Amino acid sequence: MSSEHSPRPVEPIRILHLEDSPADAESIRRALESAGAFEVRRVTSPEAFIEGLAKGGFDVILSDFRPRALDGAEALRLAREKAPGVPFLFVSDGIGEEAAVQAVVSGAADFILKPSLFRLAMREICSTIWAV
């Protein structure tokens, strides 16, 4: 009798992603999905973001720091209120050091610069989830 086991399917890491730029959203989705088992639900409006938070089931929340429809600080506040146990990461191409520090002090788990996302996606997001 063989002791071989079939590999267990890997559950995808479910991500709620607030991003108003279609090009950035697609680049991030491709980077994440190519890096591992990620399932990304993109939202672009405050209403859709709040609805996603209410439905739950996400392992991590990614948000642009400056989406047009919803300020990043407000997105973080809403996430801390409605999904306090879910890690929140800012993904931005224009966040300064002072704003990044303030974001972490306000409850963000981390921030990732968009140009670095391709190199850091798997490591940063997974380590943030596992640290919680």
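At 41% relative accessibility, Arg 77 counts as partly exposed. This residue belongs to a predicted model, and a search of the whole structure finds 7 salt bridges. The views below show some of them.

**View 1. Arg 77 and Glu 81 meet in a salt bridge.** The N to O distance between the two side chains is 2.8 Å. Both residues lie in helix α3, which covers residues 72–82. They are 4 residues apart, about one turn of the helix. Glu 81 has a relative accessibility of 48%, so this residue counts as partly exposed.

**View 2. Glu 81 also forms a salt bridge with Lys 82.** Here the closest N and O atoms are 3.4 Å apart. Lys 82 is partly exposed, because its relative accessible area of 38% falls between the limits of 20% and 50%.

**View 3. Four residues are linked in a network of salt bridges.** The members of the network are Glu 74, Arg 77, Glu 81 and Lys 82. The pair Arg 77 and Glu 81 and the pair Lys 82 and Glu 81 were shown in the views above.

View 4. Arg 29 counts as partly exposed at 28%.

Note on methods:
Residues numbered from 1 in each chain as written. Predicted model: local features only at pLDDT ≥ 70, side-chain atom pairs only at ≥ 80, totals over all residues. Heavy atoms only, no water. Buried < 20%, exposed > 50% of the residue type's maximum accessible area, 1.4 Å probe, protein only. Helix = DSSP H or I, 4+ residues; strand = E, 2+ residues; numbered from the N terminus.
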